[in-house]
Amino acid sequence: MKDFLLTLLECPRCHAALEVHPTSSDGAEILEGKLVCLRCKNVFPITRGVPRFLPPDLSAAQRATAEAFGYEWTQYSQLTDADREEFLDWIKPLTPDAFAGRVVLDGGCGKGRHIYLAAQFHAREVVGVDLSDAVESAFQNTRHLPNVHVLQADIFNLPFANPFDVAYSIGVIHHLPDPKQGFLGLCKHVRPGGRVSVWVYGKEGNRWIENFVDPIRIHITSRLPKFATRALSLVLAVPLYLALKLVYGPAPRIPGLAGLKDWLPYAEYLCAISGYSFAENFWNVFDHLVAPTAFYHSRDEVENWFAAAGLNEVVISQRNQNSWRGTGVVSEQAPRALSANALSVTADS
Ligand SMILES: [Zn+2]
C-alpha cells in the first residue's frame, strides 16, 4: 500500500478518516500493518501489501463467488499482450484518452490487467478493488507502478471518501448478488461530470448458455472441487481450441469461405476469440463453469440501470452479439461528494 491511497480512503463503517500503522515496508510500499478508524476504532489489516476491508456479513454465495475467481486469477495471474486490445473493445467507445490525467476506479480488478493498462494510458492514479484473493495477483502485477493501488473490498461497501473521475467494471457486475445495486453503487463513487463504463453478459445471444450451460454450472461445476472443474474445463477446452483454430479463425479470412461464418453457431463471439492462446481459452471455459452467481442481462435492463443512475451521454452497444457494454457521464446534479469532509480528487495537488 502506497501512502497516497490513504488520501482516498475512509472507514467503510462510519465514514471517518483512517490512520495507518505500518509494521513492515519495502521502500514506499507498506507491506504489513493496519488501518485504524479514528472514530469507531475498527481495524482493517494490511497484509502482503494490500489493505483488507472485507465485511463480516458476506453471504455464502458472495464468498463462493469470490473463492472461485480468487482461484482463477491466482492460478492464471499472468498479463498478456491480448489484454490491451480486449480492454479497449470492452470499454468502447472510450479510448485511452478517457484515462489521461484522471483518478480511476476499477470495480472488480481481478488479476490487475486493466489497472495496469489504465496506468499505461496515463491515468493520474488508479485504484483496483476486488473481493477475492485475486488482489494478490493484482498487487504483484502492478506494485512497481507508483500510481496504482490495490485493495480488497466489497463493491457494496467501498471505503472511499472521495469520488473518482472515471470508474469502470469489466465482467464483474453480472456476478454480483444484485447487479443493478452494484452498478448504482459504482456510480456513487464517480464525481459529477465523471464517467462510468461497464461490460456485462447479455441475455440476447446467450439463450443456449442460460438453457444448457447454466443448470450445469449452478448445480454441478460451481460446486465441484476446483481441481475437478479445472479437469472438466481442460476436456472441453481441447475441442473448442481445435474448432477455433481450424474453423472459426480461418472462416472469415479464406476467400470463398466468408459465407461459412453465417452458418456457424455462435460465430460472432467464437470468431472474436479465435486468436486466444490455449491458456486463455482454457481459463475462459473455466470462468464460465466456476461461478456460483452469474446473470445474463437484456439491453432493456442495462438501459434501465443507466437511467436509474441518472447518467447522461449514455452509449450502450452490443459486443460480439452476446454481451453489452455501456458508458455514461454522471449528472452535474448528482450529490457533490460522498462524505461531509471529502475533497474532490480532481483538484490539482
Ligand atoms: Zn469507523
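Histidine 122 lies in the loop between helix H4 (113–120) and strand E6 (125–130); helices (H or I, at least four residues) and strands (E, at least two) are DSSP runs, numbered from the N terminus. This is a predicted model, in which local features need pLDDT of at least 70 and side-chain atom pairs count only at pLDDT 80 or more, while totals for chains, interfaces and linings use all residues. Residues are numbered from 1 along each chain as its sequence is written, and side-chain values use heavy atoms, with hydrogens and water left out.

Although histidine 122 is not a glycine, its phi is positive, at about 70 degrees. Histidine 122 counts as exposed because its relative accessibility is 61%; exposed means over 50% relative accessible area, buried under 20%, and partly exposed in between (1.4 Å probe, protein chains only). Glutamine 321 also has a positive phi, of about 55 degrees, without being a glycine. This residue is found in the loop between strand E10 (312–319) and strand E11 (323–329), and with a relative accessible area of 49% glutamine 321 is partly exposed. Most residues other than glycine have a negative phi, and most peptide bonds are trans. A cis peptide bond, with omega about 5 degrees, joins lysine 92 and proline 93. Proline 93 belongs to the loop between helix H3 (82–90) and strand E5 (103–107).

The largest nonpolar core has 46 residues, of which Phe87, Phe99, Ile115, Val126 and Tyr168 touch the most other members. Such a core is a set of buried Ala, Val, Leu, Ile, Met, Phe, Trp, Tyr and Cys residues joined through side-chain atoms within 4.5 Å. Helix H10 (residues 278–290) gives the most to this core, with 6 residues. A second, separate core of 42 residues includes Cys11, Leu151, Cys187 and Val196.

Cys11 also takes part in the metal site: the zinc ion is coordinated by the SG atoms of Cys11, Cys14, Cys37 and Cys40, at 2.2 to 2.3 Å. Donors are N, O and S atoms within 2.8 Å of the metal (3.2 Å for Na, K and Ca); water is not among the atoms, so sites may look incomplete. Along the chain, the donors of the zinc ion follow the spacing C-x2-C-x22-C-x2-C. Cysteine 37 counts as buried because its relative accessibility is 0%, whereas cysteine 40, at 32%, counts as partly exposed.
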